[in-house]
Amino acid sequence: ELRAAESVGVARSALLSVHEALPDFPVWPENWDAVQLFMAAGTQWRLDAMGRRSGLDYRALDWPMRHLRLRGRRARVAFDGLRTMEAAFVRRALKR
């Protein structure tokens, strides 16, 4: 993961600080691909007129899906999980 990010110009220190800032939480194995995809898409949010995150830019998911080697049914299941997490995030964000 670090080598791949460094190969596209992301500093190792930046990646480590992001990972250190994230809390530990359990993930069921069948959800791991979706969680990885969601985390990889973390900078791809579209903003509404008020500057709030309104949804992910799905066009930007091609590289993370290839990097995670998500294809076929596995890609579809991960994308469905990503959309579930996206919807939950947006609902919670709009309540604030």
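Helices (H or I, at least four residues) and strands (E, at least two) are taken as DSSP runs and numbered from the N terminus. On this basis, the elements of the chain follow the order α-α-α-β-β-α-α from the N terminus on, giving five helices and two strands. The structure is a predicted model, in which local features require pLDDT of at least 70 and side-chain atom pairs count only at pLDDT 80 or more, whereas totals for chains, interfaces and linings use all residues. Residues are numbered from 1 along each chain as its sequence is written, and side-chain values use heavy atoms, with hydrogens and water left out.

The accessible surface of the chain, computed by the Shrake-Rupley method with a 1.4 Å probe and, for residues, with only the protein chains shown as cover, amounts to about 7,400 Å². Carbon and sulfur atoms contribute 55% of this surface. Of the 96 residues, 24% are buried, where buried denotes under 20% relative accessible area, exposed over 50%, and partly exposed the range in between (1.4 Å probe, protein chains only). With contact defined as heavy atoms within 4.5 Å, residues 24 or more positions apart account for 50% of the contacts with a separation of 6 or more.

In soluble globular proteins, nonpolar side chains tend to be buried together. A nonpolar core is here a set of buried Ala, Val, Leu, Ile, Met, Phe, Trp, Tyr and Cys residues joined through side-chain atoms within 4.5 Å. The largest such core holds 13 residues, of which Leu37, Leu56, Leu70 and Leu82 touch the most other members. The elements that supply two or more residues to this core are α3 (32-40) and α5 (72-95), and α5 provides the largest share, four residues. Beyond residues up to four places away in sequence, Leu82 touches Ala34, Leu37, Phe38, Ala41, Leu56, Tyr58 and Leu61.

Asp57 is located in the loop between β2 (53-56) and α4 (62-67), and is classed as buried because its relative accessibility is 16%. Apart from neighbours within four places in sequence, Asp57 contacts Gln44 and Arg46. Its side chain forms a polar contact with the side chain of Arg46 (3.5 Å); such a contact is a pair of N or O atoms within 3.5 Å, and within protein one must be able to donate a hydrogen and the other to accept it, residues adjacent in sequence counting only if both atoms are side-chain atoms.

Arg69 lies in the loop between α4 and α5. At 58% relative accessibility, Arg69 is classed as exposed. Most residues other than glycine have a negative phi. Arg69, by contrast, has a positive phi, near 60 degrees.
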